[in-house]
Amino acid sequence: MIAEFEDYLAKIEDAEHQARVREVLNWVQTSFPQLEQRYAWNQPMFTDHGTFIIGFSVAKSHMAFAPEGPVMTQFADQIAAAHYNPGKKFGRIKWTQPVDYDLLHQIIAFNIADKADCETFWRK
């Protein structure tokens, strides 16, 4: 299902972290089958009609989701309520925290709708 990302996943040494990232990536592809997989900037990401929707990356203590800055601002309260550590353009989910799939769904759906007429990869 997420064939584009298999090489990336294989490089995640911690088996539990690898399984969790695989689960999230599969969930995105299943929930939003119209999205295209793309591996760029050392991270798996999903695009819609050539425009960036969301990307994911891993670090020692967390998995990050990156939907672009305006989306982080739009969902700042929900991200804080989920106890995720926000940055300007991405949020961090500690490996010990549950993934809030409802929040991810809202973020991805918002980005798809908000960028429906976007003709560039990133927002201008």
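Trainee: Where is the place of Glu 68?
Mentor: Glu 68 is in the loop between strand 4 (62–66) and helix 3 (69–74). Helices (H or I, at least four residues) and strands (E, at least two) are DSSP runs, numbered from the N terminus. The model is predicted: local features need pLDDT of at least 70, side-chain atom pairs count only at pLDDT 80 or more, and totals for chains, interfaces and linings use all residues. Residues are numbered from 1 along each chain as its sequence is written, and side-chain values use heavy atoms, with hydrogens and water left out.

Trainee: Why is Glu 68 called buried?
Mentor: Its relative accessible area is 9%. Buried means under 20% relative accessible area, exposed over 50%, and partly exposed in between (1.4 Å probe, protein chains only). Glu 68, at 9%, is therefore buried.

Trainee: What makes the pairing of the side chains of Glu 68 and Lys 115 a polar contact?
Mentor: The two side chains are 2.8 Å apart in this contact. A polar contact is a pair of N or O atoms within 3.5 Å; within protein, one must be able to donate a hydrogen and the other to accept it, and residues adjacent in sequence count only if both atoms are side-chain atoms.

Trainee: Which residues does Glu 68 touch, not counting residues up to four places away in sequence?
Mentor: Glu 68 touches Phe 52, Lys 89, Lys 115, Trp 122 and Arg 123. Contact means heavy atoms within 4.5 Å.

Trainee: Why is the aromatic pair of Phe 52 and Trp 122 called tilted?
Mentor: The structure holds 11 aromatic pairs. In that of Phe 52 and Trp 122, the distance is 4.7 Å centre to centre, with 45° between the planes. Rings of Phe, Tyr and Trp (its six-membered ring) pair if their centres lie within 6.5 Å; planes under 30 degrees apart count as stacked, over 60 as edge-to-face and the rest as tilted. The planes at 45° therefore count as tilted. Phe 52 lies in strand 3 and Trp 122 in the segment after helix 5, 70 residues apart.

Trainee: Are Phe 52 and Trp 122 buried or partly exposed?
Mentor: Phe 52 has 1% relative accessibility, so it counts as buried. Trp 122, with a relative accessible area of 36%, is partly exposed.

Trainee: Which residues form one aromatic cluster?
Mentor: The cluster is formed by Trp 41, Phe 52, Phe 121 and Trp 122.
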